[in-house]
Amino acid sequence: MRTIIFLIISNTFMTFAWYGHLKYTQVALWKVILVSWGIAFFEYCFQVPANRFGEQEGFSGFQLKTMQEVITLAVFAVFAIFYLKEPIRWNYLVSFALILGAVYFMFKK
């Protein structure tokens, strides 16, 4: 469980680092890059332990990466809807459902 919690936290930081600046297009790019790097530092402070904990809990590298990608999409969807004010469309939902299908097969014994 701590792996998932750490992945959620790390992806929240990374989403803000990569996409948060889209609301501030008037800010110079070099400033945005510096702020994004500062935010990304905290992403690493959670991502690296998440992977270490996950490996210790018995997840493979493939499984950890798959979890990370699904969590990234979930965090980004919330971010895009509430922070960027972008609508969710039916084709986004279908694509997320297909990715969840990939998760099913990744963890199938």
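Q: Is the crossing of H3 and H4 left-handed or right-handed?
A: Note that this is a predicted model. H3 and H4 cross in the left-handed sense.

Q: At what angle do the axes of H3 and H4 cross?
A: They cross at roughly 160°, and the axes come within 10 Å. Angles over 145 degrees count as roughly antiparallel, so H3 is roughly antiparallel to H4.

Q: Which residues make the contact of H3 with H4?
A: From H3, they include Phe62, Met67, Val70 and Leu73; from H4, Phe96, Ile99, Leu100 and Val103 are among them. By class, this contact has 11 nonpolar residues, two polar and no charged.

Q: How do H1 and H2 pack?
A: Their axes lie 8 Å apart, at an angle of about 160°. H1 is therefore roughly antiparallel to H2. H1 passes H2 in a left-handed crossing. Among the residues in contact are Phe6, Phe13 and Phe16 of H1, with Phe42, Phe46 and Phe53 of H2. The classes here are 14 nonpolar, seven polar and two charged.

Q: How much space lies in the largest pocket, and which residues are closest to its centre?
A: The largest pocket holds about 270 Å³ of space. Its lining has 14 residues, with Asn11, Met14, Trp18, Gln68 and Thr72 closest to the centre. H1, H2 and H3 each give two or more residues to the lining.

Q: How does the lining of the largest pocket divide by class?
A: There are seven nonpolar residues, five polar and two charged in that lining.

Conventions
Residues numbered from 1 in each chain as written. Predicted model: local features only at pLDDT ≥ 70, side-chain atom pairs only at ≥ 80, totals over all residues. Heavy atoms only, no water. 1 Å grid on protein atoms, 1.4 Å probe; cavity = no way out; pocket = protein on both sides within 12 Å on 5 of 7 lines; lining within 4 Å. Points joined across faces, edges and corners; volume = space filled by probe spheres on them. Helix = DSSP H or I, 4+ residues; strand = E, 2+ residues; numbered from the N terminus. Nonpolar A, V, L, I, M, F, W, Y, C, P; charged D, E, K, R; others polar. Axes fitted to C-alpha atoms, helices over the stretch in contact; angles between N-to-C directions. Parallel < 35°, antiparallel > 145°, perpendicular 65-115°, else oblique. Left-handed = near helix turned anticlockwise from the far one by under 90°. Contact = heavy atoms within 4.5 Å.
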